[in-house]
Amino acid sequence: MPDSRSRPGLVVEQYPSQGSWVVVARGEIDIDSLPPLRQAMEKASTALPVLVLDASAVSFADSSALNLLLLIHRATTLRIAAPQPQLLRLIQMTGADQVLDIYPSTMHACTATAS
């Protein structure tokens with residue numbers, strides 16, 4: 001059963017899948033809603049060698065979210081699955097798409113071979 005944590009504007013769930021640890025974020029990620037996501041991602045980065053962030057339901061993300069992604073990327077193999085246009089644009093505009101691995105779906109991210 002997935003572990004869920006919530007805060008106004010953001011719901012975080014997590015579960016293992018195909019040798020990866022998946023963290024699902026739903027809602028808005030900003031400085032106020034970031035702590036539960038940060039905690040889940042930091043814990044997940046030590047659970048399994050690959051951390052997948054399912055961003056398919058992230059409706060908004062600010063620079064604090066991008067900072068977290070880059071921080072976690074430095075600590076583990078981070079794969080971002082299905083980011084919505086606003087998050088994808090933030091990643092691309094900052095050049096973070098040159099270092100972050102982005103996949104079209106959680107399934108693709110979980111089953112991808114190391115590059």
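Let me start with Thr111, which sits in helix H4; helices here are DSSP runs of H or I with at least four residues, strands are E runs of at least two, and both are numbered from the N terminus. This is a predicted model, where local features need pLDDT of at least 70, side-chain atom pairs count only at pLDDT 80 or more, and totals for chains, interfaces and linings use all residues. Residues are numbered from 1 along each chain as its sequence is written, and side-chain values use heavy atoms, with hydrogens and water left out.

Back to Thr111. Is Thr111 buried or exposed, or something in between? Its relative accessibility is 43%, so Thr111 counts as partly exposed; buried means under 20% relative accessible area, exposed over 50%, and partly exposed in between, with a 1.4 Å probe and protein chains only. The Thr111 side chain comes to 2.8 Å from the backbone oxygen of Met107. That is a polar contact (a pair of N or O atoms within 3.5 Å; within protein, one must be able to donate a hydrogen and the other to accept it, and residues adjacent in sequence count only if both atoms are side-chain atoms). From Thr111 to Ile31 there are 80 residues in sequence and 31 Å in space, C-alpha to C-alpha.

Helix H4 covers residues 106-111 and includes Thr106. Thr106 has a relative accessible area of 16%, so this residue is buried. Leaving out residues up to four places away in sequence, Thr106 touches Tyr15, Val22, Val52, Asp54 and Ala81, where contact means heavy atoms within 4.5 Å.

Next, two other helices. How do H1 and H2 cross? The axes of H1 (residues 34-47) and H2 (residues 63-75) come within 11 Å and cross at roughly 10 degrees. H1 is therefore roughly parallel to H2, a label for angles under 35 degrees, while over 145 is roughly antiparallel, 65 to 115 roughly perpendicular and the rest oblique. On the H1 side, Leu34, Leu37, Arg38, Met41 and Glu42 meet Ser64, Ala65, Leu68, Leu69, Leu71 and Ile72 of H2.

H1 also holds Ser45. A polar atom of the Ser45 side chain lies 2.7 Å from the backbone oxygen of Glu42. Ser45 counts as buried because its relative accessibility is 16%.

Last, the strands. E2 (residues 10-17) and E3 (residues 20-29) pair in the antiparallel sense over eight bridges; pairing requires at least two bridges found by DSSP. Glu13 has Val24 in E3 as its bridge partner. The two strands form a hairpin with two residues between them, and Gln18 in the turn has a positive phi of about 50 degrees.

Notes:
Axes are lines fitted to C-alpha atoms, for helices over the stretch in contact, and angles run from 0 to 180 degrees between N-to-C directions.
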